[in-house]
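Hi,

Here is the structure I said I would pass on.

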Amino acid sequence: MTKLTERIHNLDQEIRRLEQLYSREEGSVQLLAVSKRHSSDKIRLAAGAGLQNFGENYLQEALEKIEMLSELSLQWHFIGPIQSNKTRGIAENFQWVHSVDREKIGKRLNEQRPDSLPPLNVCVQVNLSQETSKSGVDLAETAALCQSLETYPRLRLRGIMAIPEPLTEFSQQRACFQQLSELFHSLQADHPHMDTLSMGMSSDFEAAIAEGATMIRLGTAIFGPRD
Ligand SMILES: *Cc1c(COP(=O)(O)O)cnc(C)c1O
């Protein structure tokens, strides 16, 4: 086994162990492999080890990989900040977008999603007040954005995503993810088909699983440090 294959195998086991530990249903936590700044060769290896979902932040870099790996039928998730002039490339080439944080972006993705493809799966990126990142809609405006995204036939609203500030204390990490989990459940009352809580990265995924994440986004833990 190569090192990468071994890491993926170990992570799979770790995720199943954490599901049990925190009384999560077996298989309820999906692994999204964040492959930004890693080569298509590494992605090919990871796909060979069973991974199917890959996350990318930069459109140009992603399009090259999507093209090179097209025969593998992978699921591509756009997880980076979205500028208006990037929406067409995203709408035409990705299966998922995790980082919709304003009405205008949703409107453009809906208009530009080709009819030949199924609706684009979208998550609203939420900015908790203590976040350092400027991306994401304010907590108070999340419900309104979700309502408006629901009106677009070429989009399928799947849930919410967040990137909390880096915290080292496990209990602080959990407190932060708990807020997101509460928000997710309150949104589900109006959007019962919402099924995706995208939270947790390499340094905090245990806390995210403990608080109900359904998709964790791991880069470093899978591929090692980025250049
Ligand atoms: C880079 C990135 C990740 C993965 O980060 P790691 O710490 O390498 O696991 C997850 N989510 C988003 C939105 C990212 O930009």
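**Ligand site and first helix**

A polar side-chain atom of S202 sits 2.5 Å from an oxygen atom of the ligand. Bear in mind that this is a predicted model.

K36 also has a polar side-chain atom by a ligand oxygen, at 2.7 Å. On its own the ligand has 390 Å² of accessible area, and the protein covers 91% of that. The residues around the ligand are V34, K36, N57, I79, I163, M201, S202, R217, L218, G219, T220 and R226.

I also went through helix α1. Helix α1 runs over residues 3-21, so 19 residues in total, and spans 26 Å from first to last C-alpha, close to the 27 Å expected at 1.5 Å a residue. Which of its residues are buried? They are L4, I8, L11, I15, L18 and E19. Looking down the axis of α1, these buried residues fall within an arc of 100°, so they line one face of the helix. The face turned away from that buried side carries K3 and Q20, which are exposed.

As for what the buried residues of α1 pack against, the partners are β1 (30-34), α2 (40-48), α8 (205-210), β9 (215-218) and α9 (220-223). Just past the end of α1, S23 has a positive phi of about 55°.

Cheers

Terms used
Residues are numbered from 1 along each chain as its sequence is written. This is a predicted model: local features need pLDDT of at least 70, side-chain atom pairs count only at pLDDT 80 or more; totals for chains, interfaces and linings use all residues. Side-chain values use heavy atoms; hydrogens and water are left out. Helices (H or I, at least four residues) and strands (E, at least two) are DSSP runs, numbered from the N terminus. Buried means under 20% relative accessible area, exposed over 50%, partly exposed in between (1.4 Å probe, protein chains only). The arc is that of the directions from the helix axis to the C-beta atoms. Contact means heavy atoms within 4.5 Å. A residue is near a molecule or strand if one of its heavy atoms lies within 4 Å of it. A polar contact is a pair of N or O atoms within 3.5 Å; within protein, one must be able to donate a hydrogen and the other to accept it, and residues adjacent in sequence count only if both atoms are side-chain atoms. Accessible areas come from the Shrake-Rupley method with a 1.4 Å probe; for residues, only the protein chains shown count as cover.
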